[in-house]
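Work through these exercises with the model open. Try each task before you read its solution.

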Amino acid sequence: MDQLKRQAAARALEDVRDGMQLGLGTGSTAKHFIELLGERVRAGLKVIGVPTSEATRADAERCGVPLTTLDEIDHLDLTVDGADEIDPALNLIKGGGGALLREKIVAAASDRMIVIADDTKWVPTLGRFPLPVEVIPFGLGATRRAIEKAFASCGVSGQMAVRKAKDGHVFVTDGGHWILDAQLGRIEDPARLAEALSAIPGVVEHGLFIGLASSAVLAGGGGIRVVERRKP
Ligand SMILES: O=C(CO)[C@H](O)[C@H](O)COP(=O)(O)O
């Protein structure tokens with residue numbers, strides 16, 4: 001599986017050009033991309049990156065990839081990031097690694113987003129992977145009830161749990177927030193659910209990435225498949 005992730009990362013690297021300003025994703029697949037990008041930088045490629053998490057910042061620094069912030073530059077040419085699920089419209093579930101907020105800010109600031117993944121992430125309908133919803137700890141009960149109402153209005157339901165870290169304590173995001181993971185099974189209308197969740201005070205962000213991915217690079221046993229998003 002790790003080999004497939006690296007192959008997808010290597011294919012995305014082919015789209016990187018000298019002088020590009022890059023969004024750097026988070027997760028095990030994105031980490032392969034950063035390692036391969038670091039090799040190219042050490043060989044003379046000039047790029048600058050904005051990391052989507054503190055973990056990615058550390059990886060990029062270790063690999064020698066120069067970094068900046070979205071305060072210092074006004075746009076990104078390309079973001080390369082992983083995903084937890086990808087549907088045929090290239091809508092995504094992200095946030096398995098807890099970095100969904102910065103990942104979405106960076107993807108939205110980018111001209112293009114390439115999603116890199118092994119092909120097990122490709123699904124006909126989103127929802128088998130628990131949907132991460134990043135929330136403010138204050139008023140969690142009220143936020144939770146509002147999320148349940150939003151789910152019902154979009155025809156989905158399922159268990160929701162506050163994400164825990166490996167040590168058993170509540171997982172805290174880089175932004176100091178908590179994550180509710182919702183087991184929804186099938187999300188028939190992800191765009192509608194995304195809108196309903198975004199309207200809730202207390203929800204900082206959610207893991208539905210609608211219309212952000214430009215293409216997906218999927219690595220599987222039979223080779224690499226590149227899927228472009230169809231223009232609406
Ligand atoms: O959204 C993410 C982190 O917030 C990751 O991109 C997603 O979890 C995929 O990770 P991996 O490449 O390790 O499977």
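**Exercise 1.** Which exposed residues does the face of α3 turned away from its buried side carry?

*Solution.* This is a predicted model: local features need pLDDT of at least 70, side-chain atom pairs count only at pLDDT 80 or more, and totals for chains, interfaces and linings use all residues. Residues are numbered from 1 along each chain as its sequence is written.

Step 1. A residue is buried if 20 or more other C-beta atoms, placed from the backbone, lie within 10 Å of its own, exposed if 12 or fewer, and partly exposed in between. Helices (H or I, at least four residues) and strands (E, at least two) are DSSP runs, numbered from the N terminus.

Step 2. Find the buried side. In α3, residues 54-63, the buried residues are Thr 56, Asp 59 and Ala 60. They lie on the same side of α3 because they cover an arc of only 95° around the axis, taken from the directions to the C-beta atoms.

Step 3. Turn to the other face. The exposed residues there are Glu 54, Ala 58 and Arg 62.

**Exercise 2.** In what order do the six strands form the open sheet, and which stand at the edges?

*Solution.* Step 1. Two strands pair if DSSP finds at least two bridges between them.

Step 1. The order is β2-β1-β3-β6-β12-β13, with mixed pairing.

Step 2. β2 and β13 (223-228) each have a single partner strand, so they stand at the edges, and one side of each has no neighbour in the sheet.

Step 3. Check one pair. β6 (residues 110-118) and β12 (residues 215-220) run parallel, joined by five bridges. Asp 118 has Ala 219 of β12 as its bridge partner.
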